[in-house]
Amino acid sequence: MGSVADLPFSDLSSPFFKKEMGNETLQAVRGMNDILPEEAELWLWFEEVAREWLHSYGYRNIRMPLVEPTALFKRAIGEVTDIVEKEMYSFSDALNGDELTLRPEGTASCVRAVLQHNLLYNAPQRLYYSGQMFRHERPQKGRYRQFHQYGVEALGFAGPDIDAEQILMCARLWHKLGLHDVALQMNTLGDADARHRHRTKLIAYFSKHQTILDADASRRLHSNPLRILDSKNPDMQELIDAAPKLMDEIEDDALQHFDEVQKILGQHDISFEINPRLVRGLDYYNRTVFEWVTTGLGAQGTICAGGRYDGLVEQIGGKPAPATGFAMGVERLLALLQVDGMTLPKQQVDVYVVHQGELAGRSASRVAEQLRDDKLRVLFHCGGGSFKSQMKKADASGASVAVVIGDDEARTGKVSVKPMRGGEQIRVAADILTKTVNELIK
Ligand code: ATP
Ligand code: MG
């Protein structure tokens, strides 16, 4: 059997190699991005804001594997959905033949984990997770093959209060992040019976007009007629406009639920638009569905989407339990923050430790550790060089203070301290170094 080591290193037909100035370099997989240190600072900041926000609503963190049995997504998301039909990274494990998939979304995994560990046994659960999702889509701005989501799920809650809570949560986050240009669209999909009746009527209706249907629509006629309503084909728009409406099937219970959600949002001055064409691309949704959309990102304008999925727990094999949740696309959110001109102060250290000579090096290393014990951020110079060149590096590092230790200092138990933004170098006893540094960086 061949192994990776048998592959010729130089395979220029491979998309992963790029010839650059005579060297062949390996490239990342298309649509999967590196997040470099500069940008990672924005991610870290966002993650801190998000964590505090989630905890302020009592949601607790759960972490699932990135890989799940393919059957989970087929069953949860639905066989005839864009995700399952053409976006999943599915493969057979070469070692044991298991059919596996890189998760394209988190809800199915989260529900699987909740059921596997019996978390709904005693009480409902408010949960959140974050991390990579994988979808084999055509990469473009705001659409990647590996992207990140924050997902929020409330399991075991049936009432409209939790639907409203999750929407209020989103509004609070946009406010915390300083985002203005995000609008809420909502719809109700009713319950399973209504959807079933609607489906039957759609099949009958479209069957009567088979000659107008395009290939995609004909293929979906029996498997997922609801998706025909999403078609952008101009030749089918008239037919679609006159198709039976789900709204006509939805029962009073579900309508009242949706009414209540709207009432609560009204009490909190959250404005929204009802969009009857909002159906969401995954099969598991029922009742309330919503999307937060911005005009600031061009075509990829949905930064957050979710809704109720009362049937999913049972579909995955649990005792029936109502649930509702949403997911935010982190790349799109951060792109929107950047469009809005968001900047962060560059992450910097407080102290750069400069040293020369063997004795001084040992002493400097101890001093650096001591400063870190005292909660300071410290860059310890590595790689030798003259005092002058080390001071240049100290300057470039953005540190507020350089601590300088030569053999002289090391022998006398003193250290020199140089404020980097002006001011004289002073020499102090090692035991008051932290105090001195703290005064200088204030
Ligand atoms: P879209 O209609 O843009 O394809 P979706 O309905 O497939 O989105 P969801 O499954 O609801 O998306 O995922 C929730 C959020 O995750 C989206 O609103 C979006 O912000 C983000 N998202 C989805 N797919 C991608 C992707 N390929 N790249 C980056 N972000 C994505
Ligand atoms: Mg999609």
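A crossing of two helices is called right-handed if the near helix is turned clockwise from the far one by less than a right angle, and left-handed if the turn is anticlockwise. In this predicted model, helix H1 passes helix H5 in a right-handed crossing.

Two packed helices are described by the angle between their axes and the distance between the axes. For H1 (residues 37–56) and H5 (residues 160–177), the angle is about 140° and the axes are 11 Å apart. H1 is therefore oblique to H5, since only angles over 145 degrees count as roughly antiparallel. On the H1 side, the residues in contact are Trp45, Phe46, Val49, Glu52, Trp53 and Leu54. They meet Met169, Cys170, Arg172, Leu173, Lys176 and Leu177 of H5. Sorted by class, this contact of H1 with H5 holds nine nonpolar and three charged residues, and no polar ones.

H1 also packs against helix H11, which spans residues 330–339. Here the axes come within 11 Å and cross at roughly 105°. That angle makes H1 roughly perpendicular to H11, because the range for this label is 65 to 115 degrees. H1 contributes Glu39, Leu42, Trp43, Trp45 and Phe46 to the contact, and H11 contributes Val330, Glu331, Leu333, Leu334, Leu337 and Gln338. Eight of the residues in the contact of H1 with H11 are nonpolar, one is polar and two are charged. Trp45 and Phe46 of H1 take part in the contact with H5 and also in the contact with H11.

The next site is the surroundings of ligand 1. The ligand has 15 residues around it, and the closest are Arg135, Glu137, Arg143, Arg280 and Thr302. Polar contacts can be given for three of these residues. In the side chain of Arg135, an N or O atom is 2.8 Å from an oxygen atom of ligand 1. Glu137 places a polar side-chain atom 2.7 Å from a nitrogen atom of the ligand. Thr302 uses its backbone instead: one of its backbone N or O atoms lies 2.8 Å from an oxygen atom of ligand 1.

Asn118 is not a glycine, yet its phi is positive, at about 60°. Asn118 sits in the loop that runs between helix H4 (107–116) and strand S7 (125–134). Lys375, also not a glycine, has a positive phi of about 75°. The loop that holds Lys375 lies between helix H12 (358–373) and strand S15 (378–380).

Definitions and conventions:
Residues numbered from 1 in each chain as written. Chains lettered and ligands numbered in written order. Predicted model: local features only at pLDDT ≥ 70, side-chain atom pairs only at ≥ 80, totals over all residues. Heavy atoms only, no water. Axes fitted to C-alpha atoms, helices over the stretch in contact; angles between N-to-C directions. Helix = DSSP H or I, 4+ residues; strand = E, 2+ residues; numbered from the N terminus. Parallel < 35°, antiparallel > 145°, perpendicular 65-115°, else oblique. Contact = heavy atoms within 4.5 Å. Nonpolar A, V, L, I, M, F, W, Y, C, P; charged D, E, K, R; others polar. Near = heavy atom within 4 Å. Polar contact = N/O pair within 3.5 Å; in protein donor to acceptor, adjacent residues only side chain to side chain.
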